[in-house]
Amino acid sequence: KRNPDGKIRGFKAVGHDVTERKRAEERIQYLATHDALTGLPNRLMFNQLLNHVLETARRYQRQFAVLFIDLDRFKTINDSMGHEAGDQLLQEIAARLTQTLRSVDVVARLGGDEFVVLIEELCDIQQAKSVAGRLLSAVMKPAYIAHEECRITASIGISIFPRDADCEQSMMKNADIAMYFAKEEGKNNFQFYSRDIQSSSLEHLAIETNLRHAIERDEFTLHYQPKVDFKTNRITGVEALIRWQNPSLGSVTPTQFIPVAEETGFIIPIGKWVIRSACAQNVVWQQEGLPPVCMAVNLSLRQLNDNHLIDDIQAALHDTGMAPHLLELE
């Protein structure tokens with residue numbers, strides 16, 4: 001308010017309590033940058049931290065390491081014990097990883113059973129090895145979920161700045177590639193990124209990608225190796241051997257694609273195709289006047305454990321008309 005002469009003689013103010021609004025804004029910011037289940041930084045926040053460390057390392061010519069961590073067999077535990085038990089296990093693992101690291105290091109959850117660790121100001125490669133070893137030991141300690149003892153292991157891939165990459169995206173990609181190599185090496189171990197690993201991983205990815213469509217594109221063939229009785233020199237049977245010719249990859253040997261098929265589960269439909277095709281060929285030979293001969297088909301351990309194997313065999317025999325006693329499974 002002002003006097004008639006224009007001088008201020010008082011004022012009126014209206015106040016609002018913004019405490020709740022501020023708390024809500026802080027909560028929204030927290031949820032945007034942290035994983036809701038474990039409370040760890042999420043992918044967004046980790047990328048921001050990684051970029052900051054990257055700029056500092058460039059400026060002061062320092063090393064740092066990114067460790068990509070994937071839990072082994074987590075899906076099996078999650079499916080058998082339930083998602084609630086799986087969530088409890090993830091929370092337990094997150095706490096162990098945090099407790100194992102220095103306060104200056106960062107651990108984040110990228111999603112699912114994937115975690116990533118940022119080791120700042122790395123002194124040497126031995127330090128990265130030491131940290132990875134401690135993380136593996138921490139993960140593999142028994143956990144008690146829903147009153148049951150549960151054990152799990154992890155595979156870790158490591159990339160070093162500036163030796164392996166010079167940007168955020170490459171650091172993450174190379175650590176991821178190294179992690180998959182750790183899986184291939186038997187799991188429960190850590191591996192450092194190298195160009196040789198990248199070449200192997202790219203080949204693995206190309207095989208997996210093309211393997212998905214190999215059956216529908218009619219890229220598989222069967223070669224038949226005779227089984228000979230050396231006493232009589234007569235053919236007593238044949239063994240069906242699968243071969244793969246891909247337009248982009250060329251001839252892919254079984255030693256190259258069978259392990260990938262086993263790992264991805266593609267071995268099940270491939271095995272079903274082999275049994276049906278071998279039975280059909282056996283019947284064709286008989287229709288052409290050749291005597292009946294036993295057909296041997298190789299099965300993987302994963303196929304033997306498949307609940308639908310017997311049904312697939314019976315369906316193949318029924319549809320092709322081949323006599324059951326002529327099929328040998330090895």
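User: How many cavities of 30 Å³ or more does the structure hold, and what makes a set of points a cavity?

Analyst: The structure holds one cavity of 30 Å³ or more, a cavity being, on a 1 Å grid over the protein atoms alone, a set of points where a 1.4 Å probe fits but cannot get out. About 50 Å³ of space lies in the largest cavity, where a volume is the space filled by probe spheres set on points joined across faces, edges and corners. This is a predicted model, in which local features need pLDDT of at least 70, side-chain atom pairs count only at pLDDT 80 or more, and totals for chains, interfaces and linings use all residues. Residues are numbered from 1 along each chain as its sequence is written, and side-chain values use heavy atoms, with hydrogens and water left out.

User: Which residues line the largest cavity?

Analyst: The lining is made of I268, G271, K272, I275, Q303, D306, L309 and D312, each with an atom within 4 Å of a point. Helix α9 gives the most to this lining, with four residues, and α9 and α11 each supply at least two.

User: Why are α9 and α11 called roughly parallel?

Analyst: Helix α9 (residues 267-287) and helix α11 (residues 309-320) pack at an angle of about 25°, with their axes 9 Å apart. Angles under 35 degrees count as roughly parallel, and α9 and α11 are therefore roughly parallel to each other.

User: Which residues of α9 and α11 meet?

Analyst: In α9 the residues are K272, I275, R276, C279, A280 and V283, and they meet L309, D312, I313, A315, A316, L317, D319 and T320 in α11, contact meaning heavy atoms within 4.5 Å. By class, this contact has nine nonpolar, one polar and four charged residues, where Asp, Glu, Lys and Arg count as charged, Ala, Val, Leu, Ile, Met, Phe, Trp, Tyr, Cys and Pro as nonpolar, and the others, Gly among them, as polar.

User: How do the residues lining the largest pocket divide into nonpolar, polar and charged, and what makes a set of points a pocket?

Analyst: A pocket is an open set with protein on both sides within 12 Å along at least five of seven lines, and the largest one has a volume of about 600 Å³. Of its 19 lining residues, R73, K75, K183, K187 and E263 lie nearest its centre, and the lining divides into four nonpolar, two polar and 13 charged residues. The largest share of this lining, five residues, comes from α3.

Key:
Axes fitted to C-alpha atoms, helices over the stretch in contact; angles between N-to-C directions. Parallel < 35°, antiparallel > 145°, perpendicular 65-115°, else oblique.
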